[in-house]
Amino acid sequence: QVQLEESGGGLVQAGTSLRLSCAASQSTFSIYSMGWFRQAPGKEREFVAAINWIGGATAYGDSMKGRFTISRDNAKKTMYLQMNSLKPEDTAVYYCAASLYAGPRTSPLDYTYWGQGTQVTVSS
């Protein structure tokens, strides 16, 4: 069982940046590929970014490419999402997730463990 906790969300203006963190409870954090998803009110959960277990391979949703960067520090059992040039349409609850599949994985169905989410609100 892996417990995940997101942090770093908040209310920001369009064009600014935020960095989200996802801290894992288990020392075996490094065996999991990890991902970020988001869900806005009335919309389905959307893939944001994913990273394999060692951080050598990443994947991004189309609207995030060039603006968001996913990374991880296995020694700290933490994953990050650097979000730049934020837009109002980035407003959502952001979730981190852990997968036992070799990453990066883009489908939420491939993830077993989920955090509770952190709200990101981007004002225009």
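Reader: How many bridges join S7 to strand S8, and in which direction do the two run?

Author: This is a predicted model. In it, S7 and strand S8 (residues 78-83) are joined by 6 bridges and run antiparallel. One example is Ile70, whose bridge partner in S8 is Leu81.

Reader: Which strands form the open sheet, and in what order?

Author: The open sheet has 4 strands in the order S1-S3-S8-S7, with antiparallel pairing. From one strand to the next, the twist averages 15°.

Reader: Why are strand S1 and strand S7 called edge strands?

Author: Strand S1 (4-7) and strand S7 (68-73) each pair on one side only, hence the name.

Reader: How do you know that Cys22 and Cys96 form a disulfide?

Author: The cut-off is a pair of cysteine sulfur atoms within 2.5 Å. For Cys22 and Cys96 the S to S distance is 2.1 Å, so the pair qualifies as a disulfide. The structure holds 1 disulfide.

Reader: Which parts of the chain does the pair link?

Author: The pair links distant parts: Cys22 lies in strand S3 (residues 18-24) and Cys96 in strand S9 (residues 92-99), 74 residues apart.

Reader: What is the handedness of the link of Cys22 and Cys96?

Author: The link is right-handed, with 60° about the S-S bond.

Reader: Are Cys22 and Cys96 buried or exposed?

Author: Both Cys22 and Cys96 are buried, which means that each has under 20% relative accessible area.

Technical notes. Residues numbered from 1 in each chain as written. Predicted model: local features only at pLDDT ≥ 70, side-chain atom pairs only at ≥ 80, totals over all residues. Heavy atoms only, no water. Buried < 20%, exposed > 50% of the residue type's maximum accessible area, 1.4 Å probe, protein only. Pairing = 2+ DSSP bridges. Axes fitted to C-alpha atoms, helices over the stretch in contact; angles between N-to-C directions.
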